[in-house]
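Please look over the protein below.

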Amino acid sequence: MPARGTERERFPELFDQTSIDPRSHTRNIEMQVLVIGMMRTGTKSIKAGLEQIGYKNVYHMTSAMKNPKDCDMWTEAFNAKFHGKGQMLGRKEWDQLLGDCDACIDVPTAAFMPELIAAYPNAQVIVSMRDPDKWYTSMMATVGKRSMSLKLILLGYCDHFFIRRFNPCARAMMEGMYGKDLNDAEYVKKRYLEFHEEVRQLVPEHRRLEYHLGDGWEPLCNFLGKDVPKTEFPFINESKEFGERISLIEKHAIGRVMRNVAPVIGVVALASTYYFGLLSRW
C-alpha cells in the first residue's frame with residue numbers, strides 16, 4: 001500500500017489525539033483475535049488486513065499514541081511483569097485498556113500474550129513471525145535508532161501531554177523485553193524467539209495460526225472464518241512510516257511546548273516593558 005494523502009490522513013493517531021483515562025472503560029465488544037506480532041514484523045499491514053475483513057478496532061502501538069494516557073497503564077504493566085514493581089494487571093485492567101477492541105497486534109500487547117490468553121480464553125491466536133536476523137536488523141535500524149533519540153529524551157521533560165508519558169513506557173518495554181543493551185544481538189534475538197515459543201506452548205494448534213506477512217489472505221481468512229477479499233492484501237511500508245511518524249511526533253511536541261511557553265514569554269515581556277518603562281521615568 002503506497003503512501004497516501006496528507007499527514008493527517010496517514011497518521012491520524014497524531015492529529016486526533018484524545019486524553020481519556022483508560023480506567024474509566026469497561027469491555028463493550030468481545031476480544032476475538034490475539035496476534036503475537038512484534039514491531040517490525042508487518043503489524044500495520046496485518047492490522048489493516050484484519051480491519052478489512054471486519055474487525056472493528058485492532059489495538060496497536062498507534063492506539064496508545066492516539067490516547068497517550070494509555071501509556072501510563074502500559075508502563076505500570078511493564079514494570080509489574082518485567083521489573084517487579086507494582087501489581088500485575090488482571091482481567092478488569094485488560095478490559096479497561098482493551099475494552100473497545102476485538103483484536104490486538106504489535107507491542108505493547110505482544111509482550112503480554114500469556115496474560116491476554118488467560119484473560120480471553122476464547123480468542124483465536126495468531127503467531128506472526130519474521131526471520132530473527134532480518135527482524136533484528138530492521139528493528140535496530142528503526143526502533144533502536146530513533147525511539148529514544150536525544151531530541152525525544154529532552155522533549156520528555158517538556159511535553160507533558162504525550163512524550164513524558166511515552167518515553168517511560170518505551171523504556172520499560174524495551175528493557176523488560178530485550179534487556180538494557182539492544183546491541184547484544186544474540187540475547188535480543190533469543191528473547192524474540194522465546195516470546196513466540198511461549199505462546200506455542202500455551203495455545204493448542206486448532207486455536208493457533210502460524211502466519212507470515214507474505215502468506216496473503218487465504219490462510220488468515222480460513223482460520224478466522226472470513227470471506228477472502230477480492231483485493232490484494234494491504235502492504236504498508238513500515239520502515240518509511242516509522243521515520244516519518246517519529247519526526248511528526250517531535251514536530252508536534254515542539255509545537256505543544258511552544259504554545260505552552262508562549263503565554264509565559266508574553267507575560268515576562270509585558271512585565272519587562274512595564275518595569276523598564278518605570279525606570280526610564282526616574
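The notes below take the model's basis, then a helix pair, then a cavity and a pocket.

## Basis of the model

This is a predicted model, in which local features need pLDDT of at least 70, side-chain atom pairs count only at pLDDT 80 or more, and totals for chains, interfaces and linings use all residues. Residues are numbered from 1 along each chain as its sequence is written, and side-chain values use heavy atoms, leaving out hydrogens and water.

Helices (DSSP H or I runs of at least four residues) and strands (E runs of at least two) are numbered from the N terminus.

## Helices 5 and 6

Two packed helices are described by the angle between their axes and the distance between the axes. Helix 5 spans residues 69-83 and helix 6 spans residues 91-98. Their axes come within 11 Å and cross at roughly 150°. That makes helix 5 roughly antiparallel to helix 6 (angles over 145 degrees, on a scale of 0 to 180 between N-to-C directions). The axes are lines fitted to C-alpha atoms over the stretch in contact.

Helix 5 passes helix 6 in a left-handed crossing (the near helix is turned anticlockwise from the far one by less than a right angle). From helix 5, Asp70, Met73 and Trp74 meet Glu93, Trp94, Gln96, Leu97 and Leu98 of helix 6 (contact means heavy atoms within 4.5 Å). By class, this contact has five nonpolar, one polar and two charged residues. Ala, Val, Leu, Ile, Met, Phe, Trp, Tyr, Cys and Pro count as nonpolar, Asp, Glu, Lys and Arg as charged, and the others, Gly among them, as polar.

## The cavity

The whole structure has one cavity of 30 Å³ or more (on a 1 Å grid over the protein atoms alone, points where a 1.4 Å probe fits but cannot get out). The largest cavity holds about 320 Å³ of space (a volume filled by probe spheres set on the points). Its lining has 21 residues, and Met39, Met61, Met65, Val143 and Phe242 are the closest to its centre (lining residues have an atom within 4 Å of a point).

Helix 14 gives the largest share of this lining, five residues. The lining has eleven nonpolar, four polar and six charged residues.

The largest pocket holds about 570 Å³ of space (an open set with protein on both sides within 12 Å along at least five of seven lines). Of its 29 lining residues, Lys47, Asn57, Thr62, Ser63 and Lys66 are the closest to its centre.

Helix 3 supplies the largest share of the pocket lining, four residues. By class, the pocket lining has ten nonpolar, six polar and 13 charged residues.

Conventions
Parallel < 35°, antiparallel > 145°, perpendicular 65-115°, else oblique.
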